[in-house]
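Biologist: Can you take me through this structure? I would like to begin with the ligand and then move on to the chain itself.

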Amino acid sequence: MGVKKTDIVLLDDKGIRCDGRKIDEPRRIMIKAGVLKNANGSAYIEFGENKILAGVFGPRDVHPKHLANTDRGILRCRYHMQPFSVGERKNPAPSRREIEISKVIKEALEPAVMLEGFPRTVVDVFIEILQADGGSRCAALDAAAVALADAGIPMRDMVSACAAGKVADTIVLDINNEEDQEGQADMPVAYMPNLGKVTLIQLDGVLTPQEYEKCANTAIEGCKLVYEVQKKALQEKFFGDTQE
Ligand code: ADP
C-alpha cells in the first residue's frame with residue numbers, strides 16, 4: 001500500500017474522493033472493439049487514465065508443439081507495460097509483477113473461453129499497457145475479453161472486471177492509483193455477468209469479514225457496469241452505431 005503521504009485527502013467530509021468521485025462511482029470507461037487490422041480480434045480501453053490495447057490471435061497451431069493439448073485448445077496471455085506507461089521509465093523486460101498479472105488474467109478468462117472445440121491449437125492474448133493508473137489488470141481483462149469476442153472465439157459469457165477497495169475506512173468502487181498507493185485495501189474482481197460467477201478475486205490489504213463481503217459485492221456491481229460498456233463496444237463493431 002506504499003508510504004503514506006499526509007497531503008492527500010482520500011475522502012472528504014462530503015464523501016467525495018480525491019478525484020472528485022462519489023464512493024460508488026466508477027471512473028469513465030470507454031471501449032472500442034476491432035481497432036487492429038492484423039489481429040484476429042482486438043480492443044482498446046480507457047478506464048480512467050488507464051489506456052490499454054489488447055490483440056488476439058488464434059485459434060492457430062501451437063509453437064512450440066509440445067505445449068499442444070490433444071483434448072482442447074490452450075489460452076496464453078501476456079500483460080506488458082510500455083516503458084512510458086508509468087511515471088518513471090519501466091524496464092521493457094517482463095517483471096515478476098507482469099508475469100503474475102499475465103497468469104491471473106489467463107486464469108480469469110479461461111472459464112469463459114470454450115477451447116474444447118479447438119484441440120491442438122492456441123489462442124494468444126497480447127495486452128499492451130500504454131498508460132497505467134491503478135486497476136490496470138481489471139481494465140486489461142475487460143479489453144482482452146472484448147478482443148476475444150471480437151475474434152469470434154466461442155465464449156460461455158463475457159468476463160467483466162472492476163476493483164473495489166477501502167480508503168479512509170470506507171469501501172469504495174474502482175480504486176485509482178492514489179487510492180491504491182495511499183488506501184487500506186484493493187480488491188480486483190473479474191465476473192461472468194450472465195452466469196453470476198467470479199473468475200478472479202485478489203486482495204491487497206486487510207479487511208474484516210463484513211468489509212470483505214461488502215467490497216466483493218461493490219466490485220461485482222462495478223463489473224456489471226463494465227459489462228454494459230463491453231456489450232456496447234461489440235454492438236458498435238458488429239451492428240454499427242447503437243445510439244438510441
Ligand atoms: P493494478 O494496475 O492492477 O492496480 P498494481 O496494484 O500492481 O496493479 O499497480 C497499481 C499501479 O501502480 C499501476 O496501475 C501503475 O499505475 C503503478 N505501477 C505498477 N508498476 C509500476 C512501475 N514499475 N513503476 C511505476 N508505477 C507502477
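Modeller: The space taken by the ligand is the largest pocket. Keep in mind that this is a predicted model.

Biologist: Which elements give two or more residues to the shell around the ligand?

Modeller: Those are helix H2, residues 136-150, and helix H3, residues 177-182.

Biologist: Which one gives the most to the shell?

Modeller: H3 does, with three residues.

Biologist: How many residues surround the ligand, and which are the closest?

Modeller: There are 13 residues around the ligand. The closest are Arg 97, Gly 134, Gly 135, Ser 136 and Arg 137.

Biologist: What is the shell like by class?

Modeller: It has five charged, five polar and three nonpolar residues.

Biologist: New topic. How many aromatic pairs does a search of the whole structure find?

Modeller: One aromatic pair turns up. The ring centres of Phe 57 and Phe 126 are 6.1 Å apart and the planes are at 70°, so the pair is edge-to-face.

Biologist: Why are both the distance and the angle given?

Modeller: Because a pair of aromatic rings is described by the distance of the centres and the angle of the planes.

Biologist: Where in the chain are Phe 57 and Phe 126?

Modeller: Phe 57 is in strand S3, residues 50-61, and Phe 126 is in strand S5, residues 121-131. The two are 69 residues apart, and the pair links distant parts of the chain.

Biologist: Now the backbone. What joins Gly 58 and Pro 59?

Modeller: A cis peptide bond, with omega about 0°. Pro 59 is in strand S3.

Biologist: And what about His 63 and Pro 64?

Modeller: They are also joined by a cis peptide bond, with omega about -5°. Pro 64 sits in the loop between S3 and strand S4, residues 74-81.

Biologist: Last one: what is the phi of Asp 169, positive or negative?

Modeller: Positive, about 60°, although Asp 169 is not a glycine. Asp 169 is in the loop between strand S6, residues 160-167, and strand S7, residues 170-173.

Technical notes. Residues numbered from 1 in each chain as written. Predicted model: local features only at pLDDT ≥ 70, side-chain atom pairs only at ≥ 80, totals over all residues. Heavy atoms only, no water. Near = heavy atom within 4 Å. 1 Å grid on protein atoms, 1.4 Å probe; cavity = no way out; pocket = protein on both sides within 12 Å on 5 of 7 lines; lining within 4 Å. Sits in = over half its atoms within 2 Å of the grid points. Helix = DSSP H or I, 4+ residues; strand = E, 2+ residues; numbered from the N terminus. Nonpolar A, V, L, I, M, F, W, Y, C, P; charged D, E, K, R; others polar. Phe/Tyr/Trp six-rings, centres within 6.5 Å; stacked < 30°, edge-to-face > 60°.
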